[in-house]
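Dear colleague,

I am handing over to you the structure discussed below. Please look through it before reading the notes that come after it.

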Amino acid sequence: MKYPEELVERVKQRAAGYRLEGFLSGQGKINPPLMIVGEAPGRKEITAHIPFSGQSGQELMKSLAITGLTRDDVYITSVVRSRPYSVKKVKNKKTGEIETKTPNRTPTKKEVLAYAPLFDWELEQVDPKVIVTVGNTSLQRILGPKFNVGTHHGQVFRQPIQQLNATGDGYILSDRKYTVISTFHPAAVFYNRKLAPEIEKDWHLIDQVLKKRQSAANQD
């Protein structure tokens with residue numbers, strides 16, 4: 001996706017002072033059956049310039065395959081387009097020296113808000129049939145803070161979503177309704193293998209929703 005330069009500059013100004021690295025555009029088809037929305041790129045994604053290109057990306061592609069779709073068929077993005085990182089001082093076990101590490105971290109609500117103008121514009125341009133949020137950050141950015149992936153995954157929501165308000169310091173609900181389905185972030189299985197069947201079930205639901213929409217479109 002090619003973003004307007006003035007929009008990117010506006011977002012960078014809004015995000016100034018936060019620990020964010022690089023910039024990665026969303027990628028994929030316009031008007032796709034699915035728009036997959038994550039939280040933010042990690043180090044691997046910033047280096048490769050491909051969304052979900054690391055281990056979590058491999059898991060995501062396995063899930064996407066349940067629908068019969070591939071990366072080329074969908075649009076993939078995140079609510080923050082730069083890598084959030086933390087700064088940690090750790091002792092090297094071999095040398096005993098103190099080293100500085102900058103691991104990935106979850107973006108804050110303020111960072112998500114800083115990138116809100118870009119995500120709103122991107123969603124309008126992409127115009128997907130269905131939005132799939134992976135993880136809490138993207139779910140709460142789109143549907144609001146009362147939603148939680150643990151409770152609301154595997155459910156289909158047809159409703160207005162959050163978009164940036166006129167003053168740029170919060171959200172209002174959109175006039176338009178969107179179809180949103182939430183599931184766990186693909187990296188969640190690395191920490192809890194018991195989530196794998198739940199994620200698979202969610203993606204079978206996504207497949208059913210897509211097939212139902214396609215069937216209805218063919219009848220029109």
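This is a predicted model: local features need pLDDT of at least 70, side-chain atom pairs count only at pLDDT 80 or more; totals for chains, interfaces and linings use all residues.

Residues are numbered from 1 along each chain as its sequence is written, and side-chain values use heavy atoms, with hydrogens and water left out.

Aromatic rings

The structure contains three aromatic pairs (rings of Phe, Tyr and Trp, the last by its six-membered ring, pair if their centres lie within 6.5 Å; planes under 30 degrees apart count as stacked, over 60 as edge-to-face and the rest as tilted). Tyr3 and Phe23 form an edge-to-face pair, because their ring centres are 5.8 Å apart and their planes stand at 85°. This pair joins distant parts of the chain, 20 residues apart: Tyr3 is in the segment before helix 1 (5-14), and Phe23 is in the loop between strand 1 (20-21) and strand 2 (27-28). Helices (H or I, at least four residues) and strands (E, at least two) are DSSP runs, numbered from the N terminus.

Tyr3 is buried at 6% relative accessibility, whereas Phe23 is partly exposed at 26%. Here buried means under 20% relative accessible area, exposed over 50%, and partly exposed in between (1.4 Å probe, protein chains only). Ring pairs join Tyr3, Phe23 and Trp121 into a cluster. Phe23 also has the charged end of Lys12 over its ring, 5.9 Å from the centre (a charge sits over a ring if NZ of Lys or CZ of Arg is within 6 Å of the ring centre and within 35 degrees of the ring normal).

Charged pairs

Seven salt bridges are found in the whole structure (a side-chain nitrogen of Lys or Arg within 4 Å of a carboxyl oxygen of Asp or Glu). One of them joins Glu21 and Arg83, with the closest N and O atoms 2.6 Å apart. These two residues are 62 places apart in the chain, Glu21 being in strand 1 and Arg83 in strand 5 (residues 83-84). Glu21 is partly exposed, with a relative accessible area of 33%, but Arg83 is buried at 1%.

Arg105 and Glu111 also meet in a salt bridge, at 2.6 Å from N to O. Arg105 counts as partly exposed at 22% relative accessibility, and Glu111 is buried at 2%.

Helix 9 (residues 196-219) has 24 residues, which at 1.5 Å a residue should span 34 Å; its end C-alpha atoms are 35 Å apart, in agreement. The expected span is 1.5 Å times one less than the number of residues. Its buried residues are Ile199, Asp202, Trp203, Ile206, Asp207, Val209 and Leu210. They pack against strand 3 (34-38), helix 3 (55-65), strand 8 (130-134), strand 9, strand 10 (171-183) and helix 8 (188-191).

Helix 6 has six of its eight residues buried, so it is largely enclosed by the rest of the structure. Those buried residues are Thr137, Ser138, Leu139, Arg141, Ile142 and Leu143. Gly144 follows helix 6 and has a positive phi, near 120°.

Two single residues

Glu45 belongs to helix 2 (residues 43-48). Glu45 is buried yet has no salt bridge, and the nearest side chain of opposite charge, Arg71, is 7.4 Å away. Beyond its neighbours within four places in sequence, Glu45 is in contact (heavy atoms within 4.5 Å) with Leu24, Ile50, Pro51, Phe52, Ser53, Gly54 and Ser56.

Val134 is in strand 8 and is buried, at 1% relative accessibility. Leaving out residues up to four places away in sequence, Val134 touches Ile36, Val37, Gly38, Phe52, Thr183, Phe184, His185 and Pro186.

With kind regards

Terms used
Lys and Arg count as positive and Asp and Glu as negative; His and the chain ends are not counted.
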